[in-house]
Amino acid sequence: MPNYTFQLNGETVTVDAPADLPLLWALRDKLGVTGPKYGCGIDVCKACTSHLDGEAIRPCVTPTAEVAGREVTTIEGLADGDRLHPVQEAWLEQDVAQCGYCQPGQIMAAVALLRRTSDPTDAEIDEIQNVCRCGTYVRIREAIKAAAARM
Amino acid sequence: MTSLPDQAHPDRTLPGSTRPPGGEPTPTHSRRRFLTYLVAAPTLAVAAQVVADVAGPATARALPSLPAPAEVLDLGDVLILAGKPTEDLIVVSVDQRGRVGLALPRAEVGQGITTAVAMLLADELDVPLSSVDVTLADARPELVFNQLTGGSNTMRSVYGPVRRAAAVARARLLAAAALRWGTTPGALTVTDGVVSGPGGRSATYGELSAAAADRTLTVALAAPKPTAQQRVVGTPTNRVDARAMVTGQQRYTLDLDVVPGALPTMLRRPPTINGTVRSLDNEAQLRAMPGVVDVAVVRTGVAVLAETFGQARDAVAAVQATWGPGTVDGEDDASIRRTLRAATPPPLAPGLLVQTVDAEFDFAFVSHAPLEPNCAVAHVTADRAEIWSPLKSPIVAQETIAAELGLPVSRVTVHVVQGGGSFGRRLFSDAALEAARVSKATGRPVKLLWSRIDDMRHGRARAASHHRIRATHAAGDVLTFEHRVASVETDFGHGLGEILTSVAASLPVAGNLSFAQTVFLTTVHSPYHLGVTTQTLSEVPLQMHTGSWRSVYSANTRGAEEVVVDELAAATRRDPAEFRRRLLKEDRFRAVLDRVVQEGQWGRRMPRGTAQGLGFHAEYKGCTACLVEIDARDPQDPRVTRATIAVDVGRAVNPRGLEAQMLGGLTDAIGTTLRAGLHVVDGLPLEGSYSQFHYTRQADSPTDVRVFVVDSGEEPGGAGELGVPAAVGAIANAYARATGTRPRSFPIVFPVDFEPFPR
């Protein structure tokens, strides 16, 4: 199997994987990075949302070969050591999470949105398609707005 | 675990009080006798047991003649009653670091019970919340009926036992300090886990823990704090596990690294529900695929073990097998609907001088679809098995797996892992059982994951139902209300049947009822005076994978009734709010209704194509009213734009958690009322992902939601399911008013707007 080297949460990693193995499984099964979650495997639920060179991607449909030489950030790499990202802080303040399973993806999607637009409208927040089966959408919206205000 | 009866001298007045001034035990508790059980441990581990000289709350009640059974003894009461003999086997420990611990015999799946229980302990022991560790207990067969998470029952069932055990632990710690300093416990105070006494003496709980575990210690009778003295309970509190969740550190079942070499495992399942594997026709080809380690045929399909889930998935897709028929082959929505209609008894003929409101409703199957799919880790060897899975009924899982593997129950360890959602789904341990089978068949430890497609098609669902309602009225008064429900059989084979049997003599229902009918009658009741009220359930025995879905029968049954209540209001020319207000049975019901009417500006002018709608629901000693506004200018693309909810569950342990539960109930109602359901075709649901099963997303969620928590009373009622039925009614009623239609089939917008995945 080929080796692929990329930046993962600030560190250089090399993974031995088939070229078309979805990044999600390279992360979870080979590198032990379990923050990104499986929810559908076809870019529908968005639970695995992570960043590739700062843009939101879904590792469940991103071939491992595609990230070679690039920078992957998962939820584990969002905080600066113990200092949480403002979006994570807002999430804590609004007490968003219920079961928590979709939340890494929700947060990574929110961070990507706030990179594109510093003061998102309700319509822009509506474009986040990440499924939250517990129904935390109201608090997600509040947390995004709170984070936007803080940033 | 050894338990040593420590002392049973409830009538002896021992020196000193364990309570601060004014902290006399409440009357409820002073009537109870406590036995303290010191659990053998070097530091303090204590369980309190109530001596059974006082009847439980359920049996103490008189039986009124008119109320529905669920008003006399609801399903939650049933669970409490069944769990009562073992309710005080919950152990509170305080270690030498001063950390308070409790292994909760319930499942945390997002409802926030570990936070709420930590709050109970922090309050009772006077320690910071950060000093408390609430974990999930492994299956404990000695708890018998007291390890089932369902019926909105956790806080109702543990509120007393946890606080009692904590009160005893606190009393022992104070007694140890008093003995050390030659004073009485009454002279001591506790702040943040530090005991202070005369002369500036102080000691931490950690320093006192070993002495407090001394069997010879004399301890005063201890009772939990009265409500008025609670400082943590009743205060909005954020989740104790939130930081782990937002940093990706929360470990769900398949994130665990507990068995070295456990292999990613997926199954190829038959093309219809409960189908069988006749033969696997390309095993050699599968074994030659990249990453594939092992292949096994088990009862539910063809299992592939691989180095990664990606490779397991590819191999599963390549399986060529000959399949045997399932149990509902040939059934589809139309045939099931016909069967349900035929099974619904006709309403009684109305009298001559009355007017009637008649309505029939259909509800589709609805997947539980927790975001974490069905999953388990299993390690089965010749003489033992160890399982990890999110399980709400772990004792049944343990017994089932032991029987399947031919092992004694004591050789099967079942760990309950915090789950990524449930909504009723995790009552079933099918993933754990399947993982155990695959592990046994291959001789390897496995990490089993169901694909999302399998989770929706072969997983559990709320049973489809048909409803026939007839209400009669004359001169503006409702005389009769008759509701006949026919439902595809709901599977309660997760231990609830045994629980119902164990308390059969106490049930307020009689006759040859099925478990399902008993559940129906102990959960469904009308909150309104609607004259002679009849609610019945008929079940159609179709062998499908069903299961109770958040609020069991009430989302459909009470949701439909709320629609009819609006239609009755219209028929008698009354405002829906005023009509409800007049007929609600209790003042506290009216209080939450009045709150949403006021806060939600009921009756305000709305543009054409938009409207308000009201719903109300009461269950498990709680009640809620919901007022929504909907934009249905495009009737095929409705959106709930605003919601106002008021909720009263008695004592709200964590108002912030309660609000979260209400938001979840509202979101569930938006999904299932407007868009989310399953189409069954040829014995299998068509839907295979969230792109097809249209559960609520952010764009469907209202931007303006307010939840008002009304705290009333001493004891917590059920909260986890309460929010759904009222919101179902409110949304359906708002849609009806906005569009001028009468919604009768749910979800309302339900086309097959996708290309189904191959079987």
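In this predicted model, the charged end of R163(B) sits over the ring of Y159(B), with 4.0 Å to the ring centre.

Ring-on-ring pairing comes next. Across all chains, the count comes to nine aromatic pairs. One of them brings together W25(A) and Y38(A): the ring centres are 5.7 Å apart and the planes meet at 35°, so this pair is tilted. The two partners come from distant parts of the chain, 13 residues apart, with W25(A) in helix 1 (residues 23-30) of chain A and Y38(A) in the loop between helix 1 and strand 3 (50-52) of chain A. Both W25(A) and Y38(A) are buried. Another pair, Y101(A) with Y252(B), has ring centres 5.2 Å apart and planes at 80°, so it counts as edge-to-face. Here Y101(A) belongs to the loop between helix 2 (86-93) and helix 3 (103-116) of chain A, while Y252(B) belongs to the loop between helix 7 (242-246) and strand 10 (263-268) of chain B, so the pair joins two chains. Y101(A) and Y252(B) are both buried as well. Back at W25(A) and Y38(A), ring pairs also bring in F309(B), and the three form a cluster.

For C45(A), the nearest cysteine sulfur is that of C40(A), 3.8 Å away, and C45(A) is in no disulfide. C45(A) has a relative accessibility of 1%, so it counts as buried. Then there is C60(A), whose sulfur has its closest cysteine sulfur in C48(A), at 3.9 Å; that is too far for a bond, because a disulfide needs the two sulfur atoms within 2.5 Å. C60(A) also counts as buried, because its relative accessibility is 6%.

As for confidence, the predictor gives the complex an ipTM of 0.99 and a pTM of 0.93. Chain B has an average pLDDT of 91, and 92% of its residues score at least 70.

Notes: Residues are numbered from 1 along each chain as its sequence is written. Chains are lettered from A and ligands numbered from 1 in the order in which they are written. This is a predicted model: local features need pLDDT of at least 70, side-chain atom pairs count only at pLDDT 80 or more; totals for chains, interfaces and linings use all residues. Side-chain values use heavy atoms; hydrogens and water are left out. Rings of Phe, Tyr and Trp (its six-membered ring) pair if their centres lie within 6.5 Å; planes under 30 degrees apart count as stacked, over 60 as edge-to-face and the rest as tilted. Helices (H or I, at least four residues) and strands (E, at least two) are DSSP runs, numbered from the N terminus. Buried means under 20% relative accessible area, exposed over 50%, partly exposed in between (1.4 Å probe, protein chains only). A charge sits over a ring if NZ of Lys or CZ of Arg is within 6 Å of the ring centre and within 35 degrees of the ring normal. pLDDT is the predictor's confidence in each residue, from 0 to 100.
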